[in-house]
Amino acid sequence: MAGLATVTATYGDIHTVVGAVRSIREEGCKGIQVFGPIMEQELEDAIGKPPSPVRRYALIGGVVGCISGFAITLWSSFYYPLVAGGKPLASVPAYVVIGFEMTILFAGISALIGMLIHNRMPTVELSPAHRPRYSDDQFGLRVACDSKQSGKIEDVLRSYGPDEVHVDG
Amino acid sequence: MSEIKRRDFLKVLGLSGAGASLAGCTQEQGHKLIPYLVRPEEIIPGIPNWYASVCRECPAGCGTHVKVREGRPIKVEGNPDHPVNAGRLCARGQASLQGTYNPDRITGPLFRFEGELQPISWDDAEAMLTERLNSLMAAGDENRLFLFTDSSVNSLDRLFDTWMDAIGSTNRVIYESFDVEPLREANRLTFGQAEIPRYDFDGADLVLSFGAGFLETWISPVQYTRLFSRSQSFRDGHKGRFIHVGPRLSLTGTNADEWVQAAPGSAMLLALAMTRVLVAAGHAGDRAGAIRPLVEPFTSERVAESTGVDVETIERVALEFAEAPTSLALPPGVEMADRNATATHVAVNLLNYAAGNVGRTVRFGPNVMRRRSASIDRLTEAVAAMSSGGVDIALIHGNDPVHTLPSAMGFADALESVGLVVAFASYLDETAAAADLILPDHTPLESWGDQQPEVGVFGLMQPTINPLYDTRQVGDVLISVASNIGGAVAGRFQWPDYQTYLRDEWRAVHRDFAPREDFEEFWRGAVSRGGVWRDVGTQQVTLNRAVSGVDFDEPTLYGDDTTPFALLTYPSQNLYDGRGANRPWLQELPDPVTKAVWNSWVELHPDTAEQLGVETGDMLQVTSPQGSVNAPAFVYWGIRPDTVAIPIGQGHASYGRYAQGVGVSPLALLPGASDAASGSHAWLSTRVSLSLVERGNHLVTTQGSHDDLDREIAQIVPFAAAAEAEELAQEEIRQHPDALVETSEDADPKSPYRWGMAIDLSSCVGCSACVTACYAENNLPIVGEELIGQGREMSWLRLQSFYKHVDEGGHGDEHGGEAQPEALHNGNGDSSALHVVHQPMMCQHCGNAPCEPVCPVYATYHSPEGLNVQVYNRCVGTRYCSNNCPYKARRFEWFDYEFPYPLNLQLNPDVTVREKGVMEKCTFCVQRISAAKNTANVDGRDVADGEAMPACAQTCPAEAIVFGNLRDPTSRVSQAARSGRAYHVLSELNTRPAITYLKEVARESGEA
Amino acid sequence: MASVAPPARTPFARVSRDIIGALWAPEWRYRAVMGVLVVILSWAGFAWVYQIKTGMGTAGISHPVMWGVYITNFVFWVGIAHSGTLISAILYLTRSGWRTTINRAAEAMTIFAVMTAGLFPLIHLGRIWYFYFLAPYPNQRFLWPNFRSPLIWDFFAISTYFTISLLFWYSGLIPDMATIRDRMKGVTGRMARFKEKVYGALSLGWAGSDSQWKNYRRMYLYMAAIATPLVLSVHSVVSWDFAMAIVPGWHSTIFAPYFVAGAIFSGIAMVITLSVPFRWALGLEDYINEYHYDNMAKLMLLTSLIVGYAYIAEYFMAWYSGDAMEWESFRWRAVGAYSGPFWIMMTCNVLIPLLCFARRIRRSIMSMFIISIFVNIGMWYERFVIIVTSLAHEYEPGVWGLYTPTWVELSITAGSFAWFLFWFMIFAKTLPAISITEVKESMAEGYWKPGDKKEDS
C-alpha cells in the first residue's frame, strides 16, 4: 500500500533551492518546507504559500491604538473638567499627538504578537526537521509526498547537486 | 472683660498656639497638638481675633490691627479708623511681627559677670539696681544717674519724668536719631511756634521739596504717602505737580515730575532766592513787606552760581510755585540737614509764608507730638560726664546710641567708664552689648502702652500675645524698683503695675474726651478702638520778629580738596536708623531705589564712576577726615556728580544674626557736627574721597534691567494725553455704565466673580510695603543674600522701577538692555528728563495663562473664579510654567527653608508652608478671598466690593492697588479697569491678565 | 576561538564565525574601560542623591533660567537616539544596502541613548518622588495628566519610541540568536551548554522554516514602516517642548523639521564616533569600512546643511517679523553673555561638516572620526544655546538673569555618558554587533560582501 514519504535535501546556496522548489512544484507536489539562515522574496514566491496574516494584526492594532488614544484624552478631560490656558476641554489638536503615538505603539506590538502566534513562538522544542547548520550556512528543502512519487522527487532534488539527500518512509 | 482674665487666656493660647503652630506649620512629624480642653472665651479655633494697637517701629505712631490666631499674632495691619495711617502700613510696620518673633531676642535678664553676660533672676536684677540707686541717693549723687530714652510722647515718657524726679536726677537725655529740632527751632524763629505743623499734601497742587524723605522715613511717612498720592497721582482728570530740589533722587525724589539738580547744602539759598522772585513778582500780597528785607540780598544770579541751578530754572520754579492754586514747600528733612539746617528750614518757612501756604497747607494746631530731642552738645556733655567717670548709673531705653551716634562722638568708649550701664533692650544691640545689666523689655506686641503722635490723637496699645520670654515691661521695672527703694520715692509709685498706671494716666484723657461716660466703658472702647482722637482746629500764625535775627550763611562741609565729594547719608527706608536691620523681611526687601539687598552701598554718578573706572558692584573705600568704610559702588544717574550717598542703618557690630556684619554704617565717617541754631545733628557735614579697593560683584540687586526697551511694560504718558484719554473713557462709562471689561471665558460663566486687580502707577510711590505684607501673609521664606544673588528670592510680588523718557505715545526711548539706560551710563543723557516708574509686578492671573497648558499634571489651572491657582500637592516641579510665564511671576522652592524658632510662630495657618521642589506664586491671597466668601455666605449674599482684599492692596499707603470683582460693573476695580490710562502688560501676547495697570502720568512744567 | 567551532567551511559560516567570535572573552583593556565607567557612574549617582536630598538649588538653574544642562542633555540624548531606528527603518525601506553592517549597533545605540535621555526629565524634577504623577494611571481621585502639555506628549512619544525601537531591535536579533544557539550545539563544555540555553531562549525557538520567515519578514517590514514616522514624530514632539512655549527664541514653527534634522545629524555623528573604536576593538574592519563611512558622511553632510539652513532661517525670521523681543533674543544670542557657546555651535555644526564635500575626507576613517566628535560637541551646544539663551533674555527686562551649571549638573552630565557607554560595552560583548543574517542576505544577493569597499554607493 502506498503511504506518505518525506524527501529531504540540503543545499549551500539559496538560488539552487529556488530552482529545486520550482521543479518540485512542476511535479505538482505541494508539501514543500524550506529551512535556512536567510530568506529571499524569490524563494517565498517559488514556494507560493498564501500571504502572511501578520498585516491584519498590524492594522487592527493601529486602529485600536488610535481610538484608545483619543478616548483616554477626551474622556479624562471631560470626566474631571479643568480649564487650562483658556483652552476648550476637547483640545483635539493637542490630543492628536497622543492618538498618533498610541497608534504606532499598538500597531507595532500587535504585529510582533501576530508573528509570534503564527510562528508558534516562543517554543522550547524545535521542529524535528531543523538542523543546526540551517541557521548557519545550509538550506534544507523538505518535500512530503506520496511514497510512490518519492523516487522521482529524489531524482529531481539530486539534479540540483545537493550536499545530501535522504528519504524516509 | 477685665485685663486679668485676658492675661489668663493669653497664657493658655500662647501654649496651645505654639503647639498648634508647630504641628500645623512644619514638615516634621510628631509634634503634639494641644487641644483646648476648655475653650477660652472669645476664641474659635481657625477664626482670627483682631486687637487694636499702635506701631512702635518709628515715632510716627500709626494705629494697627493685630491679627491673632490661636494666641499668636500672625499679621499686623493698619487701623482703618486711625487718623494717622487710615488703615495703611509701611514695610517696617508689617515687619514689627519679626521684632516679637525675632530669634535673637534676649530671653531674660542678664548681668555682666567676669566680662560675660550671665542669666540672672528678675528679683536679683531689680535688687541690684535698687541697691545701686540707694547708695547713689545716700551719697547725694542723684545726678550721677543718667536716663537715655526716645522722644515719643506717651505715659511711659511721663513715668520716666516722675521716676527721675522722684530719684532726684535731672539727667534725663531724650535722644532721637532722626530728630526734627531744626524744624521746631525754625518754626519758633519764624512763627513763634516751637512745633511741628501738619503738612496737608492732599491740598497741595504743587509740592516743592527741598529734600525731605517724606515718603520714606520723615516724621510720618505712611500718612504723608497717603495724602501725597491723593494730590499728586492722576485722579479724575487732575494731577498735582511735584518738583524735587536736591543733589540726589531719593525714593521720594523718584516720584517727582521734575528734578532740580541742586548742589548739596544749597537748599537754603534756593529757597531764599525763590522767595525773592515770588515776592518781587508780587505774589506775596501784604506779606511782602515783612519778607522783602530778609530775602533782598539773595538774587537769583548770585545764588545760581553756588547752587548749580540756572537763573531761568530758579525763577520758573518760583513762579510756578507762586501761581499754583495751592502749593506746599517742604524742608530738607534729615538727609539734607547741614550745619545751617535751621536757617534752611527758616528759608523754606519764608517761601511757604510768602506763597500764603501757612495756615492752608502748612497748619499749626494739629501738630506732631515729639519731646524735644537732646542737642549734639547735650549728648557731648553726657559723653564727657560718662567718660570722666562722672556717671554711676546709665539707664538706656528705646534707642541704640552706640550705633546711631557718629562714632567720632565716642559714646561707646564713654559707656565703659560708667559704673553700671542698664539697657532695657529686647535685642543685644550695640548699646546692650556694652551694658552691665540687661533688663529686657516686652516688645510692643506684648506690651500695654500708649502713644500720642499728634495733638488730639491718643493711641492705645494692648498685649496681643503672652510674653514669649522672661521679659518685663520697663514701666513695671521702674515701678517695682521705686517701691523697693521705699520712702518718698515709693510714695510716688502707688500703682501695682504699669498697666494700672496706664489706666490712671488715661483718666485724664477720659476727662478730656468723654467726661460723662463711665470710665470702664470709655477704657474698653478705647482699647478696642486703639485709642481716641478728634480733629484739631488750625491755629493762625504770623511772622515772628525773631526771624530777622537769622543769619543765612552758606553752610560749609568739612574736608579739603583731597575729599572731592559731598557725603550724603540718608535714612534707609527699610531699616530706618538701623533698628530694622534684625528683621529678615526688611533685609530681604530690595531697597526701592537701588533694588539692593542685605548690604550697604555707595551711590555715585556715572561720570564719577567713569573717572574712577568703577562699575556697580566694585568695592570702594570711602574716606572722610573722621575715618573710612568699604562698601560696594552703585552707579546711579539720580545723584549729582559732586555727591556720593550711603544709606544709614546697616553695619551692626551686634544686634543678632540678621544684622551683624551686614553692610557698613556711614556714621563712622561723620564728625558729629551740629546745626548752629538747633544743636541737632548735621548729617550733611563732611566731604569724602573714593578709591577702588577691589573689582567684582559685591552688591546683590534684584532687578535685571531698569530699561524696558520700549516693550511698554511700564507706561508713562504726559498729563495732557492722560486727561484727554480719561475724558473719553469717562464718557464711555457714562454711556454704558454696565459694560464689563471682563469676558465670560476668563472665568466660569456661572460664577458671580472674576477676581481682578487694578494698579495705578501714578499713585504707586514704590515704597514696597506691599512686598513685605506679602511675605507676612503668605509664609514666604527668607533666603539671604547669596541665594538672592543667584536669582532665588522667593518674593511673589516684586517692585520694579523703570527709567523712562516721556513722549506723546507714552513710550520709553530706545537703548540697549543695560542695567541702566545707555545714555545715562556715559552721563551725557539728560537725567533730569528721566522719569522713574515704580511698578508692582506679580502673577497676572491671566485668562489665557501660558503657564497652565504646559503643566503636565494640572498643578496649575484656571479656577472658576478666574484665579490662576497653584496646587502645591500636585506640583512635581518641572518648572515649565515659570519658563512660559512672560511676567516671570513664579517662584520655585529650591530648598527647604527654615523658620528658626520663634519665627515659625508667625506663620499663617491658612497658608501652606511649601516643600522643596514645588512652584509657587501670587494667589491673590486666595485664603483672604475665601474668608470674605465665608462671611458673605453666612449672610447669604455675594461678597461686597472691597470686602476681599489681598495683603498688598490692604497695606498700600498710596492706595494704588484696587482689588475686586470684574463681574460687577460698579466695583472700583471694574471702574478703574475702564480708565483711559488702563493697559495690560504685554497685551500683544493675548494672555488676558486680570491685573490692569494704569499708566504713570508726568506733568511737565506749564501743563495744567 | 574554540568556542565557535565547528570551523567555517563556507563564506556564510565564516561570517557567523567572525561576528560571533567577537563576543565574550573580555580582554584587559575592556575591563579597564568598564572600571573607569563604573567609577564615573557612582560619582554621578552620589551627585544625584545629594541633589534629591538637598533640593534643586544644588543645580545652577534658577530664576529666570529654570531649565539648563539637564534638559540640554535630554534633548542631546534623544537626538543621539535617532540614528539607530532611522538607519534601520528608513534605509531598510529604501533598501540601502550599506545599512546592513551598522544597523545593529546603531539600534543598540538608540536603545541606550533613550535609556539615558529618559533619566533627565526625572533628574530635573523638583519632586522626583512624585514622578508617577506624569503617567496616566487610574487612581481613586481620578486625577489624569494634562494631555495638552508637551511634556506629556514627550512622555508618550519617548516611551513609545523606546518600546518600538526595543522590539524592532530584538526581532532583528531573533535569527542571529538561533544561529548562536545552533553553533553552540557543536561545542563541548558547560559554558557552551549555558550559552546554548540562554541564546536558545532568546531566539524563542526560531527554526528558520519558510513559513516562519514569511511571517517574520512581514512583521519586520511593518515595524520598519511604522518606526519611520515614529522617528520623525519623536523629535518633533521634543522640539514642541520649546515651540509650544511663548518664549522668544523658542516659539517657532521651524522647530520640528529643524530638530529632526539635527537629531539625525547628531545621531549619525555618534554612530561614526562609536563605530570607529568598536570595529577596531572587535576586529570587524572588513565589515564596517570606508564604504559605510562614505555613505554616513553624505547623510551627515545633508543634515548639517539642513541644520545650517535652519539657523539662518531663524535669524531671518527674527529680523523679518519685526518683533523687537524676538530680535533682541537672537541678537543677544550671538553677541551676549553666551556668544561663546553660540559660535562653537556654528563652527562645529555648519562649518566643519562642509569638509565632507571632499571625497577623500569622507573615505578617510580617521578624519570622519574627528569631524564626528566636533559635531557631537556642536550639537550639545546647540541645545544649550537654544534653551539657556532664550530663557535668560525673555519678555521682562526687569528679570533678566544668567545661568552657570554647578558641579552637580556637570557630574550628572558626565555620568550620563558613562551610563550610555556602559550599556554599549555590555552589548558589544554579548550580542552579535552586526546582523549575521543581513550580511548573509546581501552576500546572497551579491550586493556586498565582507571586505568590499565599493566605490559606488
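**Entry 1: surface of chain A.** I began with the accessible surface and found that chain A exposes about 7,900 Å². Carbon and sulfur atoms supply 64% of that area. I note here that the model is predicted.

**Entry 2: burial and charge in chain A.** I then looked up how many residues are covered, and 48% of the 169 residues of chain A count as buried. I also recorded the charged side chains of chain A, of which 14 are positive and 17 are negative. The centres of these two sets lie 8 Å apart.

**Entry 3: fold of chain A.** Chain A contains five helices and four strands. I read their order along the sequence as β-α-β-α-α-α-β-α-β. I next compared the radius of gyration of chain A, 25 Å, with the 15 Å that the globule rule gives for 169 residues; the value is well over the rule, so chain A is more spread out than a compact globule. I noted the extent of its C-alpha trace as well, which is about 80 × 35 × 30 Å along the principal axes. For contacts in chain A with a separation of 6 or more, I found that residues 24 or more positions apart account for 82%.

**Entry 4: chain C as a whole.** I turned to chain C, which has 15 helices and zero strands. I asked what radius of gyration a compact globule of 457 residues would have. Of the contacts in chain C between residues at least 6 apart in sequence, 81% join residues at least 24 apart.

**Entry 5: surface and charge of chain C.** I recorded that 65% of the 457 residues of chain C count as buried. Chain C exposes about 15,800 Å², and carbon and sulfur atoms supply 72% of this area. Its side chains include 36 positive and 27 negative ones, with the centres of the two sets 10 Å apart.

**Entry 6: helix α11 of chain C.** I checked the length of helix α11 of chain C, which covers residues 339-351. At 1.5 Å a residue, its 13 residues should span 18 Å; the end C-alpha atoms are 17 Å apart, which agrees. I then listed buried residues of α11(C), among them C:P341, C:F342, C:M345 and C:M346. Further along α11(C), C:C348, C:N349 and C:V350 are also buried. Which helices cover these buried residues? I found that the cover includes α8 (255-281), α9 (290-321), α10 (324-335) and α13 (365-392) of chain C.

Conventions: Residues are numbered from 1 along each chain as its sequence is written. Chains are lettered from A and ligands numbered from 1 in the order in which they are written. This is a predicted model: local features need pLDDT of at least 70, side-chain atom pairs count only at pLDDT 80 or more; totals for chains, interfaces and linings use all residues. Side-chain values use heavy atoms; hydrogens and water are left out. Helices (H or I, at least four residues) and strands (E, at least two) are DSSP runs, numbered from the N terminus. The radius of gyration is taken over C-alpha atoms; the globule rule is 2.2 Å times the number of residues to the power 0.38. Buried means under 20% relative accessible area, exposed over 50%, partly exposed in between (1.4 Å probe, protein chains only). Contact means heavy atoms within 4.5 Å. Accessible areas come from the Shrake-Rupley method with a 1.4 Å probe; for residues, only the protein chains shown count as cover. Lys and Arg count as positive and Asp and Glu as negative; His and the chain ends are not counted. The place of a charge is taken as NZ of Lys, CZ of Arg, CG of Asp or CD of Glu. The expected span of a helix is 1.5 Å times one less than its number of residues.
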